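Please keep the sequence and the structure at hand while reading.

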Amino acid sequence: MSETETIRFDSLDISSEVLRAVARMGFTEATPVQAQTIPVMMAGHDVIAIAPTGTGKTCAFGIPMLEYLQLKDDGIQELVLAPTRELALQIAEELTALARFIPGARIATLYGGQPIKKQLAALKRKPQILVATPGRMLDMMERKQARLDGVHTMVIDEADEMLKMGFVKDVTKIIEATPSDRQLVMFSATTNQDVMTISWKYQYRPVEITIAAVDENKPEIAQYVIDAERNDKEERLEYLLDSDEYHRVMIFTNTKFMTDRLCRQLQKQGYKAECLHGDIPQGKRNLTMEAFKKGKFPILVCTDVAARGIDVFDVEAVINYDLPTENEYYTHRIGRTGRAKRHGVAFTLMSFQDSVRMDEILRYLQGEQPEKLEFDEMGVLRHANGTPFFDKI
Ligand code: ADP
Ligand code: MG
């Protein structure tokens, strides 16, 4: 499914009661994790969904859970495990909202830190749905207050967090108290060894669903890599600057020495450039920053450290003259562009010696891979498909 495709809840095979509740909650379109999980869960499959926070996972499992509910039957049919009491309460609240038009649905929440009496009373009311933290769940099982042998669907929310918190044994015990043919669904922001082990041990042919982060404030940054041997870097850099496309540019190098030298070189060639690094007194640095912000000069050459203290504002282009020594720096550096205008451009000049480092950065970037640009024999920068990068040459 493409990311732009939208799925309305009413196009999914959901009962009218749940649809009404969803509409009441103000939702019309399913989020990607919902659009992908709901049909698969309703078809009875085990699921392992890797999705970042805020993507709408609760409804993704909450809706199918309510569709499964057998109101005639007593006993616990569905169980959600959550790592913390706050999360358990939040999930129970959302399930209650979803079940608003299903009068016979009973939801109970079990977590530590509250007198057990109240929760025992809740269990006496024969909930079909239980939301619990692992510790309290186990406690109730040991007190013979909750039987899980009628569980149809078990959901482990924030599995990575839960297993990181040392709940592996508890979670395992709880899973083993449910029937072996129950549906097991796991949600996790990341994968880790424990998550994979639980999946491998207890899931039957799980359907894997992976969702990328949704970040609407994320600027669109066009990223490019240009081959440039050490001795050619300055010439390549000047080509980019001469395009006249960018009126506020940050150029990153890795050392104070390089920053100074490159800046002097550029000045000698007639560019209005200033530099910023840790050896420059703070007062002078502030003046330079102010002037750059106000547009008094277009080119700032700097190190990562010097740039770090600066509050972010918009630059049109970021150029990595040196490859950053830390992967995270790459993201920080290019994040200086694209803010106000929502799109920016980042160039990385890559020498043969840089290529190993670049591979590491590419692995770190995962999805968003920079495009490779090349100079032809006439010295014109071109896209891979041959079109010139800059219109006017
Ligand atoms: P996650 O568990 O992935 O962190 P939540 O299930 O807590 O995400 O949902 C995050 C927020 O998005 C909540 O405020 C929830 O009410 C809202 N939300 C969930 N589904 C939708 C939807 N389909 N449309 C709009 N908002 C939604
Ligand atoms: Mg959640």
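The model is predicted: local features need pLDDT of at least 70, side-chain atom pairs count only at pLDDT 80 or more, and totals for chains, interfaces and linings use all residues. Residues are numbered from 1 along each chain as its sequence is written, chains are lettered from A and ligands numbered from 1 in the order in which they are written, and side-chain values use heavy atoms, with hydrogens and water left out.

## The seven-stranded sheet

Seven strands make up an open sheet with parallel pairing, in the order S5-S6-S4-S7-S8-S3-S9; strands here are DSSP runs of E with at least two residues, helices are runs of H or I with at least four residues, and both are numbered from the N terminus. Two strands count as paired if DSSP finds at least two bridges between them. Strand S5 (107–110) and S9 are at the edges with a single partner strand each, so one side of each is left without a neighbour in the sheet. On average, and with direction ignored, neighbouring strands of this sheet are turned by 15° against each other.

Strand S3 (residues 47–50) pairs in the parallel sense with strand S8 (residues 183–188) over four bridges, and Val-47 stands opposite Val-185 in S8. Four bridges also join S3 to strand S9 (residues 207–210), again in parallel, where Ile-209 is the bridge partner of Ala-49. From S3, Val-47 and Ala-49 point one way while Ile-48 and Ile-50 point the other way, and all are buried, a term that stands for under 20% relative accessible area, with exposed meaning over 50% and partly exposed in between (1.4 Å probe, protein chains only). Strand S7 (residues 153–156) is joined to S8 by four bridges and runs parallel to S8, with Ile-156 opposite Met-186.

Two helices pack on this sheet. H2 touches S3, S7, S8 and S9, and the direction of H2 makes about 170° with that of S8; contact means heavy atoms within 4.5 Å, and angles run from 0 to 180 degrees between N-to-C directions, with axes fitted as lines to C-alpha atoms, for helices over the stretch in contact. H3 touches strand S4 (78–81), strand S6 (129–132), S7 and S8, and the direction of H3 makes about 165° with that of S4.

Within helix H2 (residues 32–42), the buried residues include Val-33, Ala-35, Ile-38 and Met-41. Just after H2, Gly-44 takes a positive phi of about 95°.

Leaving aside residues up to four places away in sequence, Gln-183 touches Met-41, Gly-44, His-45, Asp-46, Tyr-68, His-152, Thr-153 and Met-154.

## The contact of H3 with H4

The axes of helix H3 (residues 57–68) and helix H4 (residues 85–98) come within 10 Å and cross at roughly 50°. H3 and H4 are therefore oblique to each other, given that angles under 35 degrees count as roughly parallel, over 145 as roughly antiparallel, 65 to 115 as roughly perpendicular and the rest as oblique. The residues in this contact include Phe-61, Ile-63 and Leu-66 of H3, together with Ile-91, Glu-94 and Leu-98 of H4.

## The eight-stranded sheet

Eight strands form a second open sheet, of mixed pairing, in the order S12-S13-S11-S14-S15-S10-S16-S17. Strand S12 (273–276) and strand S17 (381–382) are the edge strands, each pairing on one side only.

| Strand pair | Bridges | Sense |
|---|---|---|
| S12 and S13 (residues 299–302) | four | parallel |
| S10 and S15 | eight | parallel |
| S10 and S16 (residues 371–375) | three | parallel |

Leu-276 stands opposite Cys-302 in S13, Glu-220 opposite His-343 in S15, and Ile-226 opposite Leu-373 in S16.
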